[in-house]
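I opened my notebook today to jot down what I could look up in this structure.

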Amino acid sequence: MRKMIVVAMREYAAAVKTKAFILSLVLMPIMMGGSIFVQMIMRDKVDTAAKRIAVVDYSGRLFEPIKAKADARNENDASDKQVKGIFEERDGVRTQVQPRYLFERIEPAEADPNQTLLELSNRVRSKEFFAFVVIPADVLDAKGDRPGTPVQYYSNSPTYDDIQDWLVPPVNESVQSARIQSAQLDPKTLKAVTERVWVGNLGLVSLDAGGQVTKAEATNKIANFFVPMGAMMLMFMVVMVGASPLVQSVLEEKMQRIAEVLLGSVSPFSLMMGKLLGMVGVSLTIATVYLVGAFLALQYAGYASFFPVHIVWWFVLFQALAVLMYGALFIAIGAAVSDLKEAQSMMTPVMLIVVAPMFVWVNVVREPLSTMSTVFSLIPPATPMLMVMRQAIPPGIPLWQPLVGVVGVILATLACVFIAGRIFRVGILMQGKGAKVGEMMRWVFRG
Amino acid sequence: MNVVEIENVTKTFGRFTAVNALSLVVPQGSIYGFIGPNGSGKTTTLRMIMRIYHPDPGPGRIRVLGETHQTAADDRVGYLPEERGLYKKMKVRDILRFYAELKGCRDFKGRVNIWLERMGLSEWADKKVEVLSKGMAQKVQFISAVIAGPQLVILDEPFTGLDPVNADVLREAVLDLRRNGSTVIFSTHDMAVAEKMCDLIFMIYKGNKVLDGTLESIQERYGTDTLRVRIEGNGFDCRTIPGVEKVTDFGKFQELRISQETDTQDVLEELMRHGRVTHFELTTPSLHDIFVRIASPEPKDIHQPVAREPVHA
């Protein structure tokens, strides 16, 4: 036992004391958070140069309303819900965050509409205009059906759809008011009749201590989606960081003949368990850092109440078991192969099992209580990730499920450790060619 | 008391017989040298003594320090595998401490310092293994094998890659181990080292034991059939002398192997006719010569069971 701990301590130190470990510990959240941060910065770094748009209005009735809307937009703040302008208050300074749209009426010079299109296209190409819009004479009679799209937006920047999207409301408002007029309806009545109704998203109510029915809480995307997702991602990450280095670690001991020296002092099983315990320690270290980090971040953002305190112990338990379970498999691989290349091909199937929960997690997060989700989360290799995620989604799952899950994972872990022990014992001392799967089976069953 | 007793042990890998019906006894307090060409079974034998390999099932058995158990783990045995055996990324002091603790050694701190000092590695104590030269790494590995004060030390090629100064340091350390009551088994390709250091020498060739005993007893078996001569003059080819079977030219002198019935005086006479003889010595063959005779037999010897009986009974 003492020797097992000596091995575990060395394994832990070897993993944690490296620059790479500390770097990756710091870099992982930076990379995850960084991409969000960069997006936030880049969102503000839009080109605010005014965009000139030519309008050929054959109907003669749409240009004015569009121009009026655009002018209002060009001068107003974004906070103005009615208009949605282009300015924002930033650190007390009124800052332009969107380009101005400058619509200009163009009288078609040519009798042939195609000639007009060609001429305007050339002017867009020569950068005089950013785009141009053609409004047909009968636009106000247009039906809503798509094929004969009445208003056409022409540009040389097909992926920039802001203007096209922006045009839809003013065009429709004009068309609608024209239709209302021709149908002789009262616009006020119509507005009252067509007012939209929203659907709220609430949790369930229950009785409080005083026997009163509690008020249902509005559900929150952070609690319902991001926290469970974060829990699962963290589980995945600590398993990967904790378990997969064992392949290389065992391979080094095998190829450098370190194993021969070690086995002169400890039994193969103690050696393997020592290594596993060391890596459980490593993964717990990572989890602690990130859980504390996540808690502080949520607290800083004022969301501390969303931190799923009630599942932390489950998380730690499942995580330790997952590292043991997968770590044992990775140790077996490291012992059976003779170089990194062989190791890689052997690792692929194990990796597939590790990432398998990733393929179903969206379904599970949407319906955590469905039969399918329950069954998936009780399959031992997937249990640590999916069970913890389901536990993190309000209102949680019945207690028997994580209990059954833990029992299943413990059994699977014991099986993995047993199998790995058999393979490790033989493989670690085998030099030369790596073992084939059939050979490994023989080691496992013959003992 | 014998530290190692091997009785009729065979080890095969697939169809290849690495060690064939081997029996060997290592008495306590001895330095036992294992010699033999590459791939002849030295390391396999050492590993069987370490119980890293287990012999083929059969009547054979191996008893180490009085026990026949199956596991390699034994705190009384220290082992240095060939060339490797160190974590590259660990610091010298840490790795020695680790190996000492693994052997259940509690007072490792003082021991590590003493050994580092002794091996001239104190300055390197906090460097990583990967920055060490081959010779330094070899010394670190040696320390890790002996740090816990084992009763039996098994060293696979401990002198490979060491310069003469470091080889002397290591030799002194090995001799000290014996003085302190340890038994040392080591394999080597350096016949001079084996001749000078070993109480007993064991040679294995193609899995079979071909030599076993003290240097004297081995040389005796081969008789005094060797002439060591130095002759000044015009590169005379000694092979032309009747009765000379083989000539090994060492540059400064030549070793002649003569057939049994040849009179050495005739050889001397013949030599004197061709040049000025400044050295003429009738001697037993060196271990080197015996090794070469066994490992690369001349055509006429090939079909003789070299392995089993001495050339000159």
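**Before starting.** I reminded myself that this is a predicted model.

**Entry 1, chain B on its own.** I began with the secondary structure and found nine helices and 13 strands in chain B. Then I checked the dimensions: along the principal axes, the C-alpha atoms of chain B fill a box of roughly 70 × 50 × 35 Å.

**Entry 2, inside chain B.** How much of chain B is buried? I looked it up: of its 313 residues, 40% are buried. Next I turned to contacts in chain B with a separation of 6 or more, and 70% of those join residues 24 or more positions apart.

Which domains is chain A divided into? I noted domain 1 at 48-178 and domain 2 at 220-446. I also looked up the spacing, and the C-alpha centres of these two domains of chain A lie 56 Å apart.

I found that chain A puts 16 residues into the contact and chain B puts in 21. On the chain B side, the elements giving two or more residues are strand 5 (77-80) and helix 2 (92-102).

**Side note to myself.** Interface size is often given as the accessible area lost when the parts come together.

Conventions:
Residues are numbered from 1 along each chain as its sequence is written. Chains are lettered from A and ligands numbered from 1 in the order in which they are written. This is a predicted model: local features need pLDDT of at least 70, side-chain atom pairs count only at pLDDT 80 or more; totals for chains, interfaces and linings use all residues. Helices (H or I, at least four residues) and strands (E, at least two) are DSSP runs, numbered from the N terminus. A residue is buried if 20 or more other C-beta atoms lie within 10 Å of its own, exposed if 12 or fewer, and partly exposed in between; C-beta atoms are placed from the backbone. Two residues are in contact if their C-beta atoms, placed from the backbone, lie within 7 Å. Domain bounds come from an automatic or database domain assignment.
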